[in-house]
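Have a look at the structure first, then read on.

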Amino acid sequence: MFTKRSVKRVTGIAVAASLALAGLAFTNTAQADTTNATITVNQNEEASGTSLKAYLIGEYESTKFDAAGDLDGVTIKAHSNTNALADLVAAAKAAGADAALDETNPLGWVAANWLGYSSTPLTDDTASAVTPYAGKLQLFAQSLAAEVNETDYVEKSPTGSGPWEFTGLTTGLYLIVDSNSDAAAKSLPIIVGTKAWNATTEKFVDFADVGQGAKPALGVATLKNDTSIVSKTIVGGGKGFNIGDTVDYEITFKVPSVTADQTSWNSTIVDTFPAALDPPTAASIKIFVGTSTVDVADRLPENSITYDASTGKVLTIKGLETLYAFANSENEDKWENLSKVPGRDDNIPVKAGDLIRITYTATINNQAVGTYATDNATSNDANKNTVTYEDPTTTSTNDGDTAEFATFGINLEKVDKADNVVKLADATFNVKRAGKASNLKFYWTSGDTYRLATPAEITANANIVEDVKSVASTGVFKIYGVAAGEFVFTEKAAPTDYYKIPEFTVQINPSFDVNTETLASVAYELDGTSNTWLTANDTVVTVGNTLKTLANLPYTGGIGIALFLIVGTIVTIIGLRAHRQSAKAENAAAAV
């Protein structure tokens, strides 16, 4: 038997994770090894001719570390080159920075507003928090990529040909640019931060909560070419979801350049939902253009947003072309790009290359498929939905994207602790999340399987249980439909002739492929108690009970042991008393 303590893997989206933390005592890194950082760039899509350069756009000026040695805070120093600083200011403004921008250090604005570390709820730019390929962060990168050069910036070339390794880097924030001559295969520019050097532990470190929710990893990135016009993203989700939760989605596509002499033009989004997702209402869908925070969904033509359940749960959004183009009556009604979004006098600018973002919330229903511990997670079609984009220059057959939410489960097995071959039935447990007072409620699907109940099912109260039981012959029981985290199991009733065991915990630790939001693996982590261990290649939590025998009486622990000792003491006293009385009687008889 053994207990596996899994190491949480660094996962998530690779962008610069940095915060300006005021009022904290920072560690000066002047004497640290801050010039030997690395960035590894992977290739998620097949492309040839990739030619990468990394440009330093801001150095880590001071850092703070927690008690464990992990990064706790970092400030970024303004670029020392006057031309480069002007480029950074212009790029931030192009990406939507307001008048409050500190033009002496625009990177402070970058760090404070995006990158998965925003201190306020994500509102107008959900995309930038989870992906370097969309939202304001991508606008910033695109604008800056047009200006960087080896004269005004520290330029670095990588080794390798996929993955690429940048070495000997000064710790800080970098813009990585692909100069591929093939526009169709050229990767989008991305912002990446290195890990920070901790002089005390003498190693490069990341934030302690890397990979949780939308928080990215430092020092890694994945290329994405720009052949795909549309993309779909789940906002957050690093811990997965419970059945019954809502999931925030964002669809983005670039405003196309309307080609000359077009007598008709259209842009259509088609989003197909899986069985496990309840789509949003048309009224809840929001649309944003460029860097504007104004919802323009109501400016589409009437009935542009429709939902058809009869054709497989399909959401269609038509008329998107009216947000960025028009038929010019002065030019034979030929279509042209607009400079401003029509409909109101709010002067929302729009141009070819800007991002149009469509956001909505969908609800996970009881058809969701759970993923249990595995080193190689596979895709679940029931949890995946696909979006396609069409205009006169592209079709859904070559332009689409998918997003898949994750929900998890725990496989358990009940055995005789001394003889693991003996499987135990009818062990009954309550389950709750660590730190919560209430037990989870499950829908008993059949046999050994218990799915987290939805709010509607709990209200209906049919097949809803708090007790989960191991079954005969196999001793197996499983729960699923939960987000990752730590779960407390309390044995309510032990199998016949066995002692109950103390409560134990199981933590679900998912790992996602860098930047792709694709679930890679799931691991269980136990609390180290002697009654639980991992089996079947660490995919099953095995729980052992002790048989009630005279030899195992002290196993009862606590009061049981006390009672055992008290009874033993009483028996001993009675025995000693009897012995003394017998001895006295013998002595009296001998004196006669």
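## Ground rules

Two strands pair if DSSP finds at least two bridges between them. Helices (H or I, at least four residues) and strands (E, at least two) are DSSP runs, numbered from the N terminus.

This is a predicted model, so local features need pLDDT of at least 70, side-chain atom pairs count only at pLDDT 80 or more, and totals for chains, interfaces and linings use all residues. Residues are numbered from 1 along each chain as its sequence is written, and side-chain values use heavy atoms, with hydrogens and water left out.

## A three-stranded sheet

Let's start with an open sheet of three strands, ordered β6-β2-β11, with mixed pairing. β6 (164–169) and β11 (220–223) stand at the edges with a single partner strand each, so one side of each has no neighbour in the sheet. On average, neighbouring strands here are turned by 20 degrees against each other, direction ignored (axes are lines fitted to C-alpha atoms, for helices over the stretch in contact, and angles run from 0 to 180 degrees between N-to-C directions).

Strand β2 (residues 37–43) runs antiparallel to β6, and four bridges join the two. Across that pairing, I39 stands opposite F166 in β6.

## Helix α1

With 13 residues (82–94), α1 should span 18 Å, and its end C-alpha atoms are 18 Å apart, which agrees.

Just after the helix, G96 takes a positive phi of about 115 degrees. The buried residues of α1 are A84, L85, D87, L88, V89, A91 and A92. Here, buried means under 20% relative accessible area, exposed over 50%, and partly exposed in between (1.4 Å probe, protein chains only).

## A buried aspartate

D354 is found in the loop between β20 (334–337) and β21 (355–364). Its relative accessible area is 9%, which means D354 is buried. The D354 side chain makes a polar contact with the side chain of K351, at 2.9 Å. (A polar contact is a pair of N or O atoms within 3.5 Å; within protein, one must be able to donate a hydrogen and the other to accept it, and residues adjacent in sequence count only if both atoms are side-chain atoms.)

## Strand β26 and its partners

β26 (residues 428–433) is mostly covered, with five of its six residues buried. Six bridges join β26 to β32 (residues 485–493) in an antiparallel arrangement, and in β32 the bridge partner of R433 is F487. β26 also runs antiparallel to β30 (residues 468–469), with two bridges between them; T428 stands opposite K469 there.

## Rings and charges

Rings of Phe, Tyr and Trp (its six-membered ring) pair if their centres lie within 6.5 Å; planes under 30 degrees apart count as stacked, over 60 as edge-to-face and the rest as tilted. A search of the whole structure finds 10 aromatic pairs. One of them, W444 with Y450, is stacked, at 6.2 Å centre to centre and 15 degrees between the planes. W444 is partly exposed at 40% relative accessibility, whereas Y450 is buried at 4%. F429, F477, F489 and F504 form one aromatic cluster.

Note on methods
The expected span of a helix is 1.5 Å times one less than its number of residues.
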